[in-house]
Amino acid sequence: MTFKQKIYTYYLQLVQDKIDVFRDMISALTEDSKNDAKGSAGDKHETALSMMHIEQEKLNRKLREVLDQKIILDKIEATAITETIILGSLIKANGIFLYLSVALPKIAIEGINVIALSPQSPLGNKLMGMKVGHSFEINTTKYIIEEVY
């Protein structure tokens with residue numbers, strides 16, 4: 001497995017783990033609300049159900065966001081190697097490894113820090129379509145593309 005494939009696999013697992021956690025939390029809330037409905041009555045009961053419903057809506061929104069991230073990751077061909085930077089490219093610029101996919105936490109693979117960024121971010125947007133040797137500037141920082149994987 002290449003370095004780029006390890007990064008892809010790690011992020012895919014990270015997103016899948018988030019999906020599983022949100023689904024478990026939603027399922028637990030649904031179960032709690034069913035159990036609560038069996039033995040309670042009155043204003044306190046209605047307030048508790050309302051609060052559970054609001055929490056469920058928040059979790060459903062977060063789940064949709066993570067599912068959207070997974071859809072984008074699923075579009076990436078982890079083995080593809082291109083000269084031009086596209087979605088799924090691993091870029092080394094200024095000694096920093098950038099993975100153009102979706103905005104996810106920074107990780108370390110084989111002791112090397114990798115930053116995942118989306119093509120919609122200012123830096124990701126500038127990178128799209130560039131090649132090794134190209135340079136650009138964002139917020140007074142000049143970036144030089146050293147390698148594209």
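## The model

This is a predicted model: local features need pLDDT of at least 70, side-chain atom pairs count only at pLDDT 80 or more, and totals for chains, interfaces and linings use all residues. Residues are numbered from 1 along each chain as its sequence is written, and side-chain values use heavy atoms, with hydrogens and water left out.

## Salt bridges

Side chains of opposite charge can pair when their charged atoms come close. A salt bridge here is a side-chain nitrogen of Lys or Arg within 4 Å of a carboxyl oxygen of Asp or Glu. The whole structure holds two of them.

One joins the side chains of Glu110 and Lys6, at 2.5 Å from N to O. This pair links distant parts of the chain, 104 residues apart. Glu110 sits in the loop between β3 (104-109) and β4 (112-117), while Lys6 is in helix α1. Helices (H or I, at least four residues) and strands (E, at least two) are DSSP runs, numbered from the N terminus. Glu110 is exposed, because its relative accessible area is 52%. Lys6 has 30%, so it counts as partly exposed. The cut-offs are under 20% relative accessible area for buried, over 50% for exposed, and partly exposed in between (1.4 Å probe, protein chains only).

Lys70 and Asp74 form a salt bridge too, at 3.1 Å from N to O. Both residues lie in helix α2, four residues apart, about one turn of the helix. Asp74 is partly exposed, because its relative accessible area is 44%.

## A positive patch

Lys58, Arg61, Lys62 and Arg64 form a positive surface patch. Patches take residues with over 30% relative accessible area and no salt bridge; like charges are joined within 9 Å, and nonpolar side chains (Val, Leu, Ile, Met, Phe, Trp, Tyr) within 5 Å. Lys and Arg count as positive, Asp and Glu as negative; His and the chain ends are not counted.

Arg61 belongs to helix α2 (residues 43-75). Arg61 is partly exposed, because its relative accessibility is 44%.

Ile26 lies in helix α1 (residues 3-39). With 12% relative accessibility, Ile26 counts as buried. Leaving out residues up to four places away in sequence, Ile26 touches Gln56, Leu59, Asn60 and Leu63. Contact means heavy atoms within 4.5 Å. Ile26 and His53 are 27 residues apart in sequence, and 10.0 Å apart from C-alpha to C-alpha.

Gln69 is in helix α2. Its relative accessibility is 18%, so Gln69 is buried. Beyond neighbours within four places in sequence, Gln69 contacts Val15, Val102, Ala103 and Leu104.

Definitions and conventions. Areas by Shrake-Rupley, 256 points an atom, 1.4 Å probe, with all protein chains shown as cover. Charge placed at Lys NZ, Arg CZ, Asp CG, Glu CD.
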